[in-house]
Each structure stands twice: as structure tokens, then as C-alpha cells.
Amino acid sequence: MSSPRIGTLTQLWSKWKTLRLPWRKQYLAGMDLAGNTYWEFRDQLNATRYRRIVKYNPKTHYADVKIAPQWHQWLKQVRPDPPSIPEQRADLQRQANMKQLAQRADERWASKPSFLDKPKEQPVPATLPRDPAGYAGQTEPDEKEGVRNAIGSPEDIGRAAGDQNTEKDPWEQAKRRARGPSEGWQPQEWTPGPARKR
């Protein structure tokens with residue numbers, strides 16, 4: 001961003017206005033690159049302290065006015081001397097460099113993989129053998145191969161147990177043992193009667 005050049009006539013006018021002549025009520029402290037002028041004048045309540053104000057460039061709309069941080073410091077009496085034009089240009093160059101560095105940092109950040117991205121296909125580890133038969137699962141031998149279960153099938157087990165456990169459902173067995181008045185109770189229909197007049 002290039003700053004506008006200050007004309008010769010404006011430079012002469014600003015030098016004349018910066019002179020602290022005794023009959024002047026306010027003195028020009030400086031200008032910024034946008035054409036705003038900064039003024040000092042004696043405060044009527046506090047004679048030892050100067051008041052500082054800014055007069056905006058008349059060609060600029062009030063919504064577009066921007067004051068540099070150095071001039072803010074000067075206006076708030078934090079900085080004793082007003083910033084010079086070369087200092088303001090150096091600050092503009094610093095801001096442009098910061099924008100370029102931030103853009104490069106953003107590009108580097110975008111190029112790195114993120115944990116939020118979808119994971120890519122992972123390569124097969126090199127420790128696995130290339131022969132798939134090496135990882136074939138073993139199968140259980142069938143009866144045809146001569147191996148048999150010593151206990152037998154589930155039906156044989158049930159016949160061997162006999163009538164030891166004829167009752168399969170324990171809740172049904174508990175219902176048969178205890179038959180109280182509330183065991184078979186079920187709620188009935190209810191219709192309200194007519195209300196009494198009070």
C-alpha cells in the first residue's frame with residue numbers, strides 16, 4: 001500500500017502552522033498519511049497541560065477515518081512527541097510484512113495433515129508375510145475324521161438327566177407354589193358415578 005505524497009505547498013503550510021508563535025491559540029503537531037491533522041492548544045482549566053485534538057481530512061467520509069496507533073498514543077498523552085512521517089511509513093511496511101508472514105503461516109498450516117481430516121488408507125505393515133496361507137485359520141475336525149465328543153449331543157444329555165429338571169421356567173414354578181389373594185388380581189373397569197350437588 002503506497003502512501004500519498006505530500007505536496008510542497010502543504011509542507012510549507014504545515015511548517016508555518018507548527019511554529020509556536022505567542023499570538024496563536026493552537027499549534028499543528030503533525031499530519032498522518034491519510035491527510036488528518038493533529039493539533040495542540042492550551043487548556044483553559046489546566047494551563048500547564050496542552051489539549052490534543054485531531055481534525056479529519058475533509059475529503060474522507062467519517063466512517064472511513066482510521067487513526068494510526070502512534071497517533072492514538074499521542075492523543076491520549078501516552079507519547080510525548082508526535083510520530084514522524086518516516087515512522088508512519090515504516091509502520092505501514094511492518095503491517096504489510098506481517099500480512100505476508102501470516103499468509104505464509106496459514107499456507108504452511110493448511111498443507112500439514114490435520115487430525116480432523118478423514119484418515120487415509122494405511123499401508124500394510126512390512127512385518128506381515130506375503131504368503132496368505134501362513135495366516136489361514138485352523139478348522140475344527142469333523143466326525144468324519146474320527147474325533148467325537150465324549151458327552152454326546154444335547155438330546156443325549158437331556159435324556160440322561162431324566163426328570164431332574166422337568167420344570168424349565170423358575171417363575172412359573174414360583175407361581176404354582178404361592179397362590180395368595182393378590183396373585184391372580186387384575187384391575188377391572190371403572191365408570192364414575194354422577195357427582196353430588198353441594
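Read from the N terminus, the elements of the protein chain follow the order α-β-β-β-α-α-α-α. In this predicted model, that amounts to five helices and three strands. The chain has 198 residues, of which 13% are buried. Its exposed surface comes to about 18,900 Å², and carbon and sulfur atoms account for 54% of that area. For contacts between residues at least 6 apart in sequence, 31% link residues at least 24 apart.

Asp 32 is buried, yet it takes part in no salt bridge. The nearest side chain of opposite charge belongs to Arg 89, and it is 11 Å away. A salt bridge requires a side-chain nitrogen of Lys or Arg within 4 Å of a carboxyl oxygen of Asp or Glu.

Another is the backbone nitrogen of Gly 35, which lies 3.1 Å from a polar atom of the Asp 32 side chain.

The surroundings of Asp 32 also include residues from elsewhere in the sequence. Leaving aside residues up to four places away in sequence, Asp 32 touches Tyr 38, Lys 66, Trp 71 and Gln 88.

Note on methods. Residues are numbered from 1 along each chain as its sequence is written. This is a predicted model: local features need pLDDT of at least 70, side-chain atom pairs count only at pLDDT 80 or more; totals for chains, interfaces and linings use all residues. Side-chain values use heavy atoms; hydrogens and water are left out. Buried means under 20% relative accessible area, exposed over 50%, partly exposed in between (1.4 Å probe, protein chains only). Lys and Arg count as positive and Asp and Glu as negative; His and the chain ends are not counted. A polar contact is a pair of N or O atoms within 3.5 Å; within protein, one must be able to donate a hydrogen and the other to accept it, and residues adjacent in sequence count only if both atoms are side-chain atoms. Contact means heavy atoms within 4.5 Å. Helices (H or I, at least four residues) and strands (E, at least two) are DSSP runs, numbered from the N terminus. Accessible areas come from the Shrake-Rupley method with a 1.4 Å probe; for residues, only the protein chains shown count as cover.
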